[in-house]
Amino acid sequence: MNISLMRYSILSFIIASIFVVTLSGCGSYGIGGPSEVEPNNTMNLADRVTGFEINGVIGMQGDEDWFVLNSQEGVNPTFIIYHDPGVDIDFEVYNTTYGVTQRVGSALGTNSGDAVRVHTPGQAHIRVWAHQGMGPYRIQIMP
Ligand SMILES: [Ca+2]
Ligand SMILES: [Ca+2]
C-alpha cells in the first residue's frame, strides 16, 4: 500500500467511525436490541412484548429501556435477567390497575440470573437500566 492510499484509508476509517459514533449517539438513546425500538426511555415510549423473552441492549450510559407486557405474564410472574459478567443491569416491574401505577418488585443485585416474583393483576411494565457498564441483556418471563 503506498502512502497516499494509506492516508486515504485512515481518513475513510476516521470519517466512518465518526459517522457510526454520531448515529449511535443520536438523540442520546443508543442502539437497541431485538426486542426494543429506541427511543424507549420512558413508560409512555415502552416497547410492547408479546413473547416470554426480552432481548435488549443498554447501549450507552443513561440508556433506560421500558417494556409493556401483553398479559402473557399472568398475575404472579417471575422475571429473570441475564447479562454479561462485570456488567450490572437492573430492572423493576410496575403494575397499573384502574389507572394507578405502582412498582411491585425490583431486581437490583449485581449477578446475572437475578430474579424477582411479583403480583401483576393489571398491566405490567418493566424498566431496565445499568447500574454499571453497558451491554446486552435478556429477561425471561415465567408466568
Ligand atoms: Ca436500549
Ligand atoms: Ca432505551
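Tutor: Welcome! Arg127 is found in strand β8, where strands (E, at least two residues) and helices (H or I, at least four) are DSSP runs numbered from the N terminus. This is a predicted model, in which local features need pLDDT of at least 70, side-chain atom pairs count only at pLDDT 80 or more, and totals for chains, interfaces and linings use all residues. Residues are numbered from 1 along each chain as its sequence is written, while chains are lettered from A and ligands numbered from 1 in the order in which they are written.

Student: Is Arg127 buried or exposed, and why?

Tutor: A residue is buried if 20 or more other C-beta atoms, placed from the backbone, lie within 10 Å of its own, exposed if 12 or fewer, and partly exposed in between. Arg127 has 20 other C-beta atoms within 10 Å, so Arg127 is buried.

Student: In what order do the five strands of the open sheet lie?

Tutor: Strands count as paired if DSSP finds at least two bridges between them. The pairing here is mixed, and the edge strands, β1 (47–49) and β6 (100–107), each pair on one side only. The order is β1-β3-β8-β5-β6.

Student: In which sense do β1 and strand β3 pair?

Tutor: Strands of a sheet pair through backbone hydrogen bonds, in one of two senses. Val49 stands opposite Leu69 in β3. Over three bridges, β1 and β3 (residues 64–69) pair in the sense called parallel.

Student: Which residues have the most contacts inside the largest nonpolar core?

Tutor: A nonpolar core is a set of buried Ala, Val, Leu, Ile, Met, Phe, Trp, Tyr and Cys residues joined through C-beta atoms within 7 Å. The largest has 22 residues, with at least two supplied by each of β2 (53–58), β3, β4 (78–83), β5 (88–97), β8 (123–132) and β9 (135–142). Those with the most contacts inside it are Phe79, Ile81, Phe91 and Ile139.

Student: What share of the residues in the protein chain is buried?

Tutor: The chain comes to one helix and nine strands. Of its 143 residues, the buried share is 28%.
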